[in-house]
Amino acid sequence: MVLFQFHKVNIILAFILLSIISFGCREDRLPGKYVYNGDIKPEDHGHLADKKIYIDPGHGGKGKSDAFRVAPNGITEEEINLSVSLILSDMLSRAGVDVVMSRTKDEDITLKQRAEMVRAASPDILVSVHHNGTRRAADGVNYPLVFIRGSAGISPVSFDMAEALLAEFEKLLGVSGQVVSDFAVFNETGTMLLRETYDVCPGIIGEAGFFSDDRFCEKLADRDFNQREAEAYFRAISLYFIKGMPSAVIAYNGGRKSGGPAYVIKTDTGIKDSRIMPGSMKVTINDVPVSFVKRGEGKYLVDPGGRIYPGEHRLNISFKNIEGHSSPLYFFRFSRMIKKGDYDRLNSEGGNLISRRNTAAEGLKMLTAAFSMNPTGIEAPGLLRNISRGFEVLGLNKTSRYYLESASTFFPNANGRKRTSLMGSESNYFPVRYYGIKIPVVPFSKI
């Protein structure tokens with residue numbers, strides 16, 4: 001009897017030890033309802049094998065204390081978010097993805113902590129899983145949304161991902177939805193998670209539907225529907241990477257024999273044996289379009305079109321691959337030494353050139369260089385208005401409006417101490433802009 005009990009204890013201990021080892025080997029080895037058992041074969045999506053993806057199950061730990069996040073059937077948004085995320089994690093892990101999750105249980109992780117985790121992980125993409133709610137629940141409101149940071153211009157890569165996910169959501173729900181800027185809800189700052197991570201990786205917040213809807217919340221409580229939603233995320237992610245994530249690096253030296261700087265951009269379409277979409281490459285210096293010349297496969301020599309004037313400068317680069325997927329909006333900063341009299345000279349000469357279309361671009365290069373030397377100077381409001389006029393002459397009306405609005409917003413007492421604004425004399429609107437993310441700089445030998 002003693003020997004039998006000894007063996008029984010050993011068997012139990014061995015089973016416990018095996019369970020611990022199995023759980024530790026794979027984060028997704030959770031209760032069976034989170035293990036994917038649908039028709040998709042994740043192992044067939046080998047193009048995902050070298051990717052790292054951060055999954056953020058939204059909210060957590062406070063569902064029962066926040067009535068707004070409790071569905072009519074009693075299920076909380078936290079529960080649904082986690083269920084979908086864990087199934088998605090299982091699918092991605094089986095496809096070879098390095099999955100990082102902000103949480104794997106119902107716990108409260110602050111937005112600051114989540115953002116710090118993204119920065120530490122440095123993933124390829126961020127996917128935050130949410131479900132929507134509305135005070136219009138009685139109207140049966142239910143449709144999908146996908147949030148991005150800022151706009152398609154600010155976050156072009158995130159926009160591409162959002163469109164792919166939205167298409168899957170629309171198939172899942174059978175209704176149309178939309179991609180939305182995070183400023184649409186949080187007008188002053190946007191969402192903290194996307195704001196604090198947009199320079200690390202592209203990110204989206206998925207809202208597959210409204211848990212506040214009487215009928216839809218019953219679906220969300222069903223494990224099979226959670227799996228179908230996870231499939232929507234998986235298909236969108238897989239398709240996005242099939243179409244490629246374009247990127248670029250830049251090589252730069254301070255000058256060539258001709259006296260001008262040399263910038264060579266090396267692009268990567270994100271797809272093997274692919275190319276850049278014709279006409280999609282855009283290069284500007286201080287918002288002024290500049291030309292570039294192809295110098296080999298994926299290599300472009302930037303031609304500033306004349307001198308680079310004293311002051312601070314910003315080179316912006318963006319393009320699409322042949323599948324229509326966007327590169328990030330890149331920027332590169334550089335400067336030229338400022339000497340006595342440069343500011344007055346550039347301000348005067350540039351102001352004389354902006355009124356004619358054939359000289360406006362050169363005039364803008366001078367004026368934007370001058371503005372960079374003293375952006376809070378007494379002359380700054382007038383300089384901004386001149387810059388606005390120059391862009392208007394070039395037909396770049398959105399850029400022109402930005403500089404004109406900046407002149408009145410940043411300098412509210414400029415015109416005889418009376419504030420004037422495109423938005424009205426008492427406007428509290430603020431012209432926000434984003435330069436993009438820093439383009440990696442490499443030696444010419446790497447180009």
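**Close-up views of a predicted model**

**View 1. Cys-201 is a buried residue, with a relative accessibility of 5%.** The model shown is predicted. Because buried means under 20% relative accessible area, Cys-201 falls in that class at its 5%.

**View 2. Cys-217 has a relative accessible area of 0%.** This value places Cys-217 among the buried residues. A disulfide is a covalent bond between the sulfur atoms of two cysteines. How many disulfides does a search of the whole structure find? The search finds 0.

**View 3. Ser-280 sits in a loop between two strands.** The loop runs between strand 8 (262-268) and strand 9 (282-285). Is Ser-280 buried or exposed? Ser-280 counts as buried, because its relative accessibility is 8%.

**View 4. Ser-280 is in contact with Ser-318, Phe-319 and Lys-320.** This list leaves aside the neighbours of Ser-280 within four places in sequence. Ile-322 lies 42 residues from Ser-280 along the chain, and the C-alpha atoms of Ser-280 and Ile-322 are 9.4 Å apart.

**View 5. The whole protein, for orientation, has 11 helices and 15 strands.** The protein has 447 residues, of which 48% count as buried. Of the contacts with a separation of 6 or more, 72% are between residues 24 or more positions apart.

Terms used
Residues numbered from 1 in each chain as written. Predicted model: local features only at pLDDT ≥ 70, side-chain atom pairs only at ≥ 80, totals over all residues. Heavy atoms only, no water. Helix = DSSP H or I, 4+ residues; strand = E, 2+ residues; numbered from the N terminus. Buried < 20%, exposed > 50% of the residue type's maximum accessible area, 1.4 Å probe, protein only. Contact = heavy atoms within 4.5 Å. Disulfide = S-S within 2.5 Å.
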